[in-house]
Structure formats: structure tokens, C-alpha cells
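Please walk through this model with the sequence and the coordinates open side by side.

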Amino acid sequence: SILFCLPFLWLVLTSLKPPAEVFSKSWIPSEIHTKNYSDVFSQAPVAMWLRNSLLIAVLGAATVVASSAFVAFGFAHLRFRGRNALFALVIGTYMAPAAITMVPTFLIWNHLHLVGTYYPLWAGNLFGSAFYIFMLRQFFMTIPRDLIDAARVDGASFLRIFVGILLPLMKPALIVVALFEFQAKWNDFMNPLIYLNKPNMYTMSLGLASFKTDQGPPDWSLWMAASVIFTVPMIVLFFCAQRYFLEGIATTGVKQ
């Protein structure tokens, strides 16, 4: 945590310096220059970038939680031929480097005429994620099988068991998955760079890069302020969900 706190502290202090002092050796600004934060919103469409990032992150987190949980339930509690081999194949896809699927994935979205839209940034999550499927499967397996058998005896379908019984019990694990994916989408730079070609669609990560390079000589004090604005939501989100996050990490994979 120290390795994160010190750079972030330097970033915050630098964002409060007057422009002439950005590269001074002293970490402490001679005067608190909060005007950087108001100026950055007038110099760049930061509010629009934040809105775009939030939209993609929420859609990505919601879809991957729903799809991965559904698939993980099947691998954990349904019995069918070839289940173990299919699960091994799913895990194998997680080990494949993202670089080898980048071009084929782009060609698929381009064939669907969706390049230049937000769909490539989140719609792939409708098919689940191998890492989250593995993690949620481990959590599903901590739930006693007797609970599911009792519900089946009472006439409940597997879908009703999944939605009405198991999902409420999995709240900590689902929040962990949502946090991981929200962070991944919020910080993602490569995919927006590949698929977005209109400035009004930029996410915050892509907007920061364009703000640094397209506005002439960069005003580093404003860029630091924009970076703090970009970082703070994830810190706030983590502390708000910290209890569920730690509980989900602690219980995932513990056999009961």
C-alpha cells in the first residue's frame, strides 16, 4: 500500500501547485492552487469523459457478473457429460495472451459494423470471463449441495434456485467480480484507443492521453488535476465496498 500511497500523495500535492512549480523539488506547494481543478473542466471535456467511462464500466461490470455467475453455476452444480473437459477449455482461454486475439476480435466487430461504438468495449462480457467463471465456481462449491437438493425436492427449477437462493448467498463474491471488472473497464486504455474514433466518445483514460498531446504544450498542473479526478472514484468505490471485497476474497475457494 505504501508503493501506491506515496505516488498518489505526490500526484495530489502536485495537482495543487501553481503551474510554475510543477517540477520543483519540493513536494509541498508554496500555495494551494485549487483553481487547477476548476480550470481542467473548462479546458477539456472532463465531465463527458467521466460519463463515458462510467457508462462503459457499469455495463461491463453488470454483464460480466450476470453471465459469469450463470456459467459458473452450471459448472459447479449441474452434471453433464464432458463438464470437466469443457471447464478446462474455458480456463485454457484465460491463459491465452490477449495480444493473439486482438486482431481477430477487431475483425469480428468490424464485420458487425460496430467499430466506432461502445459495444466492443463491454458487449464481449455477455459471454462471461474465464477468470470470473473460475472464481465464482469456487464460491458456488462452498454452498452445501443439500441446500440445492432440498429446493429440487420442493419442486424448484434450477433457474429459480440460481436466482432466488444462490445469488443472495453469493453477494460478497459478486461484488468482488463487479469491482474487478469496473476497475478494468475504468482504467482500460487499449480498447478505447482501438475502437473509438470520435473525440466525443472518449473515455477518461483516452481523454487524458489526448489532453496531454493534442492541446499544444501540456499544462502539467491541469493534467495532474485531471489524473486525480480519474483516480479518486476507484478509491472511493473500494472503501465503500471494502467489507464485501475482503469477505469475498476470504471465502472464495474455501471448501465447507
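Angles between helix axes run from 0 to 180 degrees between N-to-C directions, and an angle over 145 counts as roughly antiparallel. In this predicted model, helix 10 and helix 13 (residues 220-240) pack at an angle of about 180°. Helix 10 and helix 13 are therefore roughly antiparallel to each other. From helix 10, the contact takes in L179, F182, Q183, W186 and N187, and from helix 13 it takes in F230, P233, M234 and L237. By class, 7 of these contact residues are nonpolar and 2 are polar, with no charged residue. The axes of helix 10 and helix 13 lie 11 Å apart.

Helix 10 also packs against helix 9 (residues 158-169), here at an angle of about 75° with the axes 5 Å apart. Since angles of 65 to 115 degrees count as roughly perpendicular, helix 9 and helix 10 are therefore roughly perpendicular to each other. On the helix 9 side the contact is made by L167, P168 and L169, and on the helix 10 side by K171, P172 and L174. This contact has 5 nonpolar residues and 1 charged residue, and no polar ones.

These helices belong to a chain with 14 helices and 0 strands. Taken along the principal axes, the C-alpha atoms of the chain fill a box of roughly 70 × 45 × 30 Å.

The next topic is empty space. Rolling a probe the size of a water molecule over the atoms shows where empty space is left. The largest pocket has a volume of about 1,300 Å³. It is lined by 33 residues, and T101, T105, G124, N125 and G128 are the closest to its centre. Which helix gives the largest share of this lining? Helix 5 does, with 5 residues. Helix 5 covers residues 99-111, and it is one of the helices that each supply at least two lining residues, along with helix 4 (83-95), helix 6 (119-122), helix 7 (130-140), helix 10 (171-187) and helix 11 (190-195). Helix 10, then, contributes to the pocket lining as well as to the contact with helix 13. The lining of the largest pocket divides into 22 nonpolar, 8 polar and 3 charged residues.

The residues lining the largest cavity are I56, L121, K185, D188, N191, P192 and T203. By class, 3 are nonpolar, 2 polar and 2 charged.

The last topic is confidence. The mean pLDDT of the chain is 86, and 91% of its residues reach 70 or more. Among the elements of the chain, helix 6 has the highest mean pLDDT, 95. Helix 6 is also among the helices that line the largest pocket. Helix 14 (residues 242-251) has the lowest mean pLDDT, 62. Over residues 252-256, pLDDT stays under 50. For residues 252-256 the model has 11 contacts beyond four places in sequence.

How values were computed: Residues are numbered from 1 along each chain as its sequence is written. This is a predicted model: local features need pLDDT of at least 70, side-chain atom pairs count only at pLDDT 80 or more; totals for chains, interfaces and linings use all residues. Side-chain values use heavy atoms; hydrogens and water are left out. On a 1 Å grid over the protein atoms alone, a cavity is a set of points where a 1.4 Å probe fits but cannot get out, and a pocket is an open set with protein on both sides within 12 Å along at least five of seven lines; lining residues have an atom within 4 Å of a point. Grid points are joined across faces, edges and corners, and a volume is the space filled by probe spheres set on the points. Helices (H or I, at least four residues) and strands (E, at least two) are DSSP runs, numbered from the N terminus. Ala, Val, Leu, Ile, Met, Phe, Trp, Tyr, Cys and Pro count as nonpolar, Asp, Glu, Lys and Arg as charged, and the others, Gly among them, as polar. pLDDT is the predictor's confidence in each residue, from 0 to 100. Contact means heavy atoms within 4.5 Å. Angles under 35 degrees count as roughly parallel, over 145 as roughly antiparallel, 65 to 115 as roughly perpendicular and the rest as oblique.
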